[in-house]
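Open the model in your viewer and get ready to select.

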Amino acid sequence: MSHRPSSGLAAVSTALLAMSRHLEVRDVLKTIVASARELLDAEYAALGVPDDHGGFAQFVVDGVSDEQWKAIGPLPRQHGILAAMLLDPRPERLADVKEDPRFGGWPSAHPDMSDFLGLPIRDGDETIGTLFLANKRCPRPAGGCGFTEEDEELLGILAQHAAIALTNARLYERSRELTIAEERSRLAHELHDAVSQKLFSLRLTAQAVASLIDRDPARAKGELRQVADLAAEAADELRAAVVELRPAALDEDGLVHTLRTQIQVLDRAHSAHVTFDSCGVKALPASQEEAMLRVAQEALHNALRHSGAERVDVTIARRGQGAVLSVTDNGKGFEPRTVRRAGRHLGLVSMRDRSSGVGGRLTVQSAPGQGTTIEMEVPGG
């Protein structure tokens, strides 16, 4: 930048690296706005993502406190300069935004703004957002705008990379939605198979009780106990499936609490003893927490349904700035050299994809008759 020439390239590099670290759309938007404000040394920055109804689906600000934001009121509509930036790919650089004929005012709680720089974020011919800054923190030329042509050029570079980061984040979220849909379909099939078998046995046993109740009451009594056991098992299968189908409350409860709750239910629902322990884990980026939860669920599914294990131990611990998840069972295990053949059946491909997708790594240790350990490490924020 013209008033900080030695730091311009490093600042751009820092901003671009910060944007590339995130996969969640909301995180990407917040990083773009914060990076733009810092890069151009502005008092305020904002980014709006348009919806299809004349408003903004998302509107992220930086430099405005939470109290100010609440007092300002609802999200702005697409009007005035904001609407012009959505329709015209050219940047807008104004000495005083209030003097522009398109200015339509703002709520009373809105901070006062003067010099203004904005431009659309475009993916090809489509405008996917508008990025703008106000109140340059430097001496303004008399009657002119504090933002310079160099600032405009830097913001243009940032906007081009912002388009890439935002598009990638959207693709990631769509991919995750498809993965969740596939998981729900898988669970639905498993639920149908497992519970249908239990209910079929329950029906046959009940029929046997009906035929025995008059000629062999003692045996009928024993069969009734079997009916009760089968009904309890069916209820446990349903409860376990509901835990997997229910959206995890990661935002409210965090990874450790969510895992502990699910593992407690699985421990009650299965004959194997399932334990959980955690040590020093701090909050992780949302994408990493979700990936860890899904890997834990897949590994637990394998251990409880396929390994024949009597015990499954789950731990999550802090490692550097990140965390490591471990799921260990004492089941039948498998030969690691056959992992390529068994990988898809055991969900290992999916687990590796989830891990690498958030910058983590997955390791699998197993041997016939010696159980299996699946470990996932993520770097943190």
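Start with the surface of the protein chain. The accessible surface comes to about 20100 Å², and carbon and sulfur atoms make up 51% of it. Keep in mind that this is a predicted model.

Now switch to the cartoon view. The protein chain has ten helices and ten strands. How many of its residues count as buried? Of the 381 residues, 43% do. Next, consider contacts in the protein chain with a separation of 6 or more: residues 24 or more positions apart account for 63% of them.

Time for the aromatic rings. A pair of rings is described by the distance of the centres and the angle of the planes. The chain has five aromatic pairs.

Select Phe103 and Trp106. Their rings form an edge-to-face pair, 4.9 Å centre to centre, with 80 degrees between the planes. Why does this pair count as edge-to-face? Because 80 degrees between the planes is over the cut-off of 60. Are these residues buried or partly exposed? Phe103 is partly exposed, with a relative accessible area of 25%. Trp106 is partly exposed too, at 28%.

Move on to Phe116 and Phe132. This pair is stacked: 5.8 Å centre to centre, 25 degrees between the planes. Colour the strands to see what the pair links. Phe116 lies in strand S4 (residues 116-123), and Phe132 lies in strand S5 (residues 126-136). The two are 16 residues apart, so the pair links distant parts of the chain. Both Phe116 and Phe132 are buried.

Conventions. Residues numbered from 1 in each chain as written. Predicted model: local features only at pLDDT ≥ 70, side-chain atom pairs only at ≥ 80, totals over all residues. Heavy atoms only, no water. Phe/Tyr/Trp six-rings, centres within 6.5 Å; stacked < 30°, edge-to-face > 60°. Buried < 20%, exposed > 50% of the residue type's maximum accessible area, 1.4 Å probe, protein only. Helix = DSSP H or I, 4+ residues; strand = E, 2+ residues; numbered from the N terminus. Contact = heavy atoms within 4.5 Å. Areas by Shrake-Rupley, 256 points an atom, 1.4 Å probe, with all protein chains shown as cover.
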